[in-house]
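Dear colleague,

I am handing over the structure below, and would ask you to look through it alongside the notes that come after it.

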Amino acid sequence: MPTLKSESLESLAREIFQAITVPPAGAAWMATLLVRANLRGHDSHGVIRVPQYVASWKKGESDPRAEPAVVQEGPATALVDGKRGFGQIVAKRGMEIAMEKAAAIGIAGVGVYNGNHIGRLADYTEMALARDMLAMLFVNAGGAGQRMAPWGGRAPRLSTNPLAFACPTGGPVPISFDVATTVAAEGKVRLKRNRKEQTPPGWLIDAEGKPTTDPNALYGKPEGSILPVGGHKGYSLALMVEVLGGIVARAGHSRENPGPVLNGIFMVVVDIARFVAPQNFRAEVDDLLRYLKTSPPVAGGSDILYPGEPEARTEAERRRAGIFVEDETWRQIEQAAKELGVTLPSV
């Protein structure tokens, strides 16, 4: 169970991606985002995904050199074909277009389809912060990757359909959240499986609709399901995301016999200055957060935190102590590196 410094892990991921012919800038971006996920405590979207991306390339499902193209456009809108490129590269281009349009018009909506797994959504919403903008993302799996049963059902029909939001504050840590509409992201179940751990009660049901804590139940034949967060409310949010990412963004909606998992992304970017002066916005957000923190903690509780603060604290700790990679994930990364002729760091 190695623990590695983020720089070593990022270098390894970058070299693996370059070995599968991702251009250097794209390989560096992909590696940065995966390791950033680990640094911020979201190991489910970190380097555990490296073997998945290599496997996607081997199967011909990903084009490492694809260049996303705008296929439909208006003053405040765009539709982008990702050309089956790696998701991090495709989503970055979508956000760049959305920010350009929001700067010109005030608000922009951009749909992106035909891109592979984009990783952690917060990386893209947070791109808007430096420009005094706020952003929202809604992401489906192009009709595939079905992991959630509809409320009251037992067979999966929707993907985990995450959504994200980020806005600036007056300090270095923004408000930023990125959440699946299921109780847990699929990657967190995968992480439990790789670590040979049980999932917490309330995460999963098996193919018969019975509660289970066995992560393997999700991947069986027939498959189990991850429960929607908040019951019917999470199911409703997942349905909204399916419409935005699958139908509006043209990625495809959940259906029988879908193709491979290709993320559909609906992005909304708002230029804050069109509504309120950015310095006033930051001051009012800070006052809101100050007020929230005046709530007395529950018995045994500690600080009141806002979304984004736990990640910032975890990143500071992991930059100091290193990133733990479980044995199964490291074995898969080792295998991919050796097959591609990439030298492994010493552990």
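The notes below cover aromatic rings, charges over rings and a surface patch.

This is a predicted model, in which local features need pLDDT of at least 70 and side-chain atom pairs count only at pLDDT 80 or more, while totals for chains, interfaces and linings use all residues. Residues are numbered from 1 along each chain as its sequence is written, and side-chain values use heavy atoms, with hydrogens and water left out.

The structure holds 3 aromatic pairs (rings of Phe, Tyr and Trp, the last by its six-membered ring, with centres within 6.5 Å; planes under 30 degrees apart count as stacked, over 60 as edge-to-face and the rest as tilted). One of them is the tilted pair of Phe17 and Tyr53, with 6.2 Å centre to centre and 35° between the planes. Phe17 lies in helix H1 (residues 6-19) and Tyr53 in helix H3 (residues 50-58), so the pair ties together parts that are 36 residues apart in sequence; helices here are DSSP runs of H or I with at least four residues, numbered from the N terminus. Both residues, Phe17 and Tyr53, are buried, that is, under 20% relative accessible area with a 1.4 Å probe and protein chains only, where exposed means over 50% and partly exposed in between. Ring pairs also link Phe17, Tyr53 and Phe86 into a cluster.

Two charges sit over rings, by the criterion that NZ of Lys or CZ of Arg is within 6 Å of the ring centre and within 35 degrees of the ring normal: Lys92 lies over the face of Trp29 at 4.9 Å from the ring centre, and the charged end of Arg193 is placed over the ring of Tyr219, 4.3 Å from its centre.

Best regards

Key
Helix = DSSP H or I, 4+ residues; strand = E, 2+ residues; numbered from the N terminus.
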